[in-house]
Amino acid sequence: MKVLLGKPVADAIYNKAKARVSLLREYGYVPRVAMVQIGAASDDTYYKQSLVRQCEKIGIQADDVSLPKSITEEDLIHQIQLFNENPEIHGVMIFRPLPDHISNEKISSFLDHCKDVDYMNPDNLGKIIIGKSKGRLPGTPAAVMEMLDFYEIPLEGQEVVIVNRSLVVGKPLAMLLLDRNATVTVCHSKTKNLTEVMKRADIVVSAVGRAELFTSSSFDTHSVVIDVGINRRTDGSMCGDVKYAEVENRIAAITPVPRGIGAVTSAVLLRNVVYSCRQLSGLSMVASFEERWG
Ligand code: NAP
């Protein structure tokens, strides 16, 4: 069984992004992202700190913004408008889920679609359906694609089953896979005969969010399994949707949790900041810049 580690995939993305940040800096632009955490959930704080460290490594300027959980919708919208109007900020990442009293839908539509590096804005989601995302792609779906490509897992004509239909994972991922000529089935909690559907897949992408729900009886021996789930066992340790130790050597390949998709998602999000900087600076119209961008 092949173990599909995220680190080499993420490193390859960071290396390319770092070179592009240097190029933008040569032209006088420093990519800058506002990372907005609402409330003080420790998992979010840890994630944000690791993203800020990674930004420093590749030359992106990161603004670490912490807002109280009690912030009103109006105040959050005002804060977003300040980011939208600030020409030095190229990307805004608002950690989700938002507190219950704040409408995700409302907030998403206020965020400038050019600065929406985490694909909250419905306009950006729509662009994925028509295949016009101009280099920027939604974090987790793009991370799955990067992982499959890095490990040279063929997609054309392959049966891919996604167990998730959310706007963050399943729906946009289905579009990206269709663009690559995969045959895609999207499953969810109401899917009948889920095991039967999963077993016929060449590739299964699971993002259910239930600790170690799936065992080897859910997969065929030839299956490649991409485990997107980030869950906690009762002892607090992190695990995926798949019971890794039980499927080990009973399937063709798997992404472990941790050390799998998560690192690649972070890399894709920061790459999106670099793309936004290029787009907002207008440098994408400069031929000599574009030649070096590649
Ligand atoms: P979500 O909105 O709750 O979606 C969960 C999906 O799983 C839904 O489509 C749900 O079906 C389906 N589901 C739940 N129980 C099921 C079952 N027993 N059988 C079949 N389908 C079932 O969550 P999300 O935001 O998409 O995140 C999902 C997981 O991915 C979480 O563990 C999250 O932490 C992780 N995640 C990881 C990354 C990363 O980069 N690694 C990024 C984002 C999310 P219904 O639609 O019918 O409810």
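Helices (H or I, at least four residues) and strands (E, at least two) are DSSP runs, numbered from the N terminus. The model is predicted: local features need pLDDT of at least 70, side-chain atom pairs count only at pLDDT 80 or more, and totals for chains, interfaces and linings use all residues. Residues are numbered from 1 along each chain as its sequence is written, and side-chain values use heavy atoms, with hydrogens and water left out.

The protein chain is assigned domain 1 (26–117) and domain 2 (139–261), with bounds that come from an automatic or database domain assignment. Between the C-alpha centres of domain 1 and domain 2 the distance is 28 Å.

Strand E5 (159–163) pairs with strand E6 (residues 183–187) in the parallel sense over 5 bridges; two strands pair if DSSP finds at least two bridges between them. Val163 has Cys187 in E6 as its bridge partner. Together with helix H7 (residues 170–179), E5 and E6 make a right-handed β-α-β unit. Right-handed here means that, with the strands pointing away from the viewer, the path from the first strand over the helix to the second runs clockwise.

The ligand is surrounded by 21 residues, the closest being Asn164, Arg165, Ser166, Ser189 and Thr265; a residue counts if one of its heavy atoms lies within 4 Å. Helix H10 (261–281) gives the most to this shell, with 3 residues. Polar contacts are pairs of N or O atoms within 3.5 Å. A polar side-chain atom of Thr265 is 2.7 Å from an oxygen atom of the ligand. For Thr140 the distance from a polar side-chain atom to a ligand oxygen atom is 3.4 Å, and for an N or O atom in the side chain of Asn231 it is 3.5 Å. Of the 930 Å² of accessible area that the ligand has on its own, the protein covers 70%, by the Shrake-Rupley method with a 1.4 Å probe.

Most residues other than glycine have a negative phi, and most peptide bonds are trans. The bond from Arg96 to Pro97 is cis, with omega near 5°, and Pro97 sits in the loop between strand E4 (91–94) and helix H4 (104–110). Val257 to Pro258 is also a cis peptide bond, with omega near -5°; Pro258 is in the loop between strand E11 (253–254) and H10.

Glu152, in the loop between helix H6 (139–150) and E5, has a positive phi near 50°. Glu152 counts as exposed because its relative accessibility is 70% (exposed is over 50%, buried under 20%, partly exposed in between; 1.4 Å probe, protein chains only).

Terms used
Polar contact = N/O pair within 3.5 Å; in protein donor to acceptor, adjacent residues only side chain to side chain.
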